[in-house]
Amino acid sequence: MTSRTLVRAITTVAIAATSVLAVSGCTGGHASSAGRSGTTSSSTPPAPIGTRVDVPCAALVPEQVLATYGRTFTLDTDATPAHGSTAAGIAAERGDVCTWRDASGGARLTLAVASLPESTLTKLKDTLYEDSNSVPTYTVEGYFEARKGIGRADAFTDPYWIHVESTVFGEPGDAQPVVDAVRAALSSATASASATPQAG
């Protein structure tokens, strides 16, 4: 269940994109019939405002990081974000979404990363600042909320929005290994891209 804070955050992105991001669904999905006005075709999703994020899940969160939770998490390549979820909204913005499952205990860990315009990130940060709990230990601007047995962490290393959630996150520190790993991977990917000569 998406929390009130994250519903507001998703709505903020939607407004910035002049569309309802929450009904965009994941890549290849369709908007729900409830969102149809009769003037806009549901088969034409709103244009994304995000820049494509294309970093392998294994690079974002290496196996040794997942092992810190004392579970055997494996990547679920068939998983798709739940309709209307934060991860689905990020997927619609050309973001990366990765889901790992623990076959023995049934736990799941979902990571979603978006690259968004500065103005949109500012609105997201403002919303989370008002309604969530700031986490200074994430080094960058970060927030954490636990509700109904699911811990959700959000961190911003501009231009990226990192969102991760799992039942194994009971407090902010539980999500720290994943947040740190993703930050490091994105920093490395950005540095590599900057060092690559541009064609021209």
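Colleague: In which loop is Thr139 found?

Modeller: This is a predicted model, in which local features need pLDDT of at least 70 and side-chain atom pairs count only at pLDDT 80 or more, while totals for chains, interfaces and linings use all residues. Residues are numbered from 1 along each chain as its sequence is written, and side-chain values use heavy atoms, with hydrogens and water left out. Helices (H or I, at least four residues) and strands (E, at least two) are DSSP runs, numbered from the N terminus. On that basis, Thr139 is found in the loop between strand 4 (133-134) and strand 5 (141-147).

Colleague: Is Thr139 buried or exposed?

Modeller: Buried means under 20% relative accessible area, exposed over 50%, and partly exposed in between, with a 1.4 Å probe and protein chains only. The relative accessibility of Thr139 is 62%, so Thr139 counts as exposed.

Colleague: What is the phi of Lys148?

Modeller: Most residues other than glycine have a negative phi. Lys148, in the loop between strand 5 and strand 6, is not a glycine, yet its phi is positive, near 55°.

Colleague: Which residue does a cis peptide bond join to Asp158?

Modeller: Most peptide bonds are trans. Here the bond is cis, with omega about 10°.

Colleague: How many Å apart are the end C-alpha atoms of helix 5?

Modeller: The expected span of a helix is 1.5 Å times one less than its number of residues. Helix 5 (residues 118-131) has 14 residues, so it should span 20 Å. The distance between its end C-alpha atoms agrees with this: 20 Å.

Colleague: Within what arc do the buried residues of helix 5 fall?

Modeller: The buried residues of helix 5 include Leu121, Leu124 and Leu128. The arc is that of the directions from the helix axis to the C-beta atoms. Seen down the axis, the buried residues of helix 5 line one face of the helix, because they fall within an arc of 165°.

Colleague: Which exposed residues does the face of helix 5 turned away from its buried side carry?

Modeller: This face lies away from the buried side of helix 5. The exposed residues that it carries are Glu118, Tyr129 and Glu130.

Colleague: With which side chain does the side chain of His163 make a polar contact?

Modeller: A polar contact is a pair of N or O atoms within 3.5 Å; within protein, one must be able to donate a hydrogen and the other to accept it, and residues adjacent in sequence count only if both atoms are side-chain atoms. His163 is in strand 7 and, at 1% relative accessibility, counts as buried. At 2.8 Å, the contact of its side chain is with that of Glu165.
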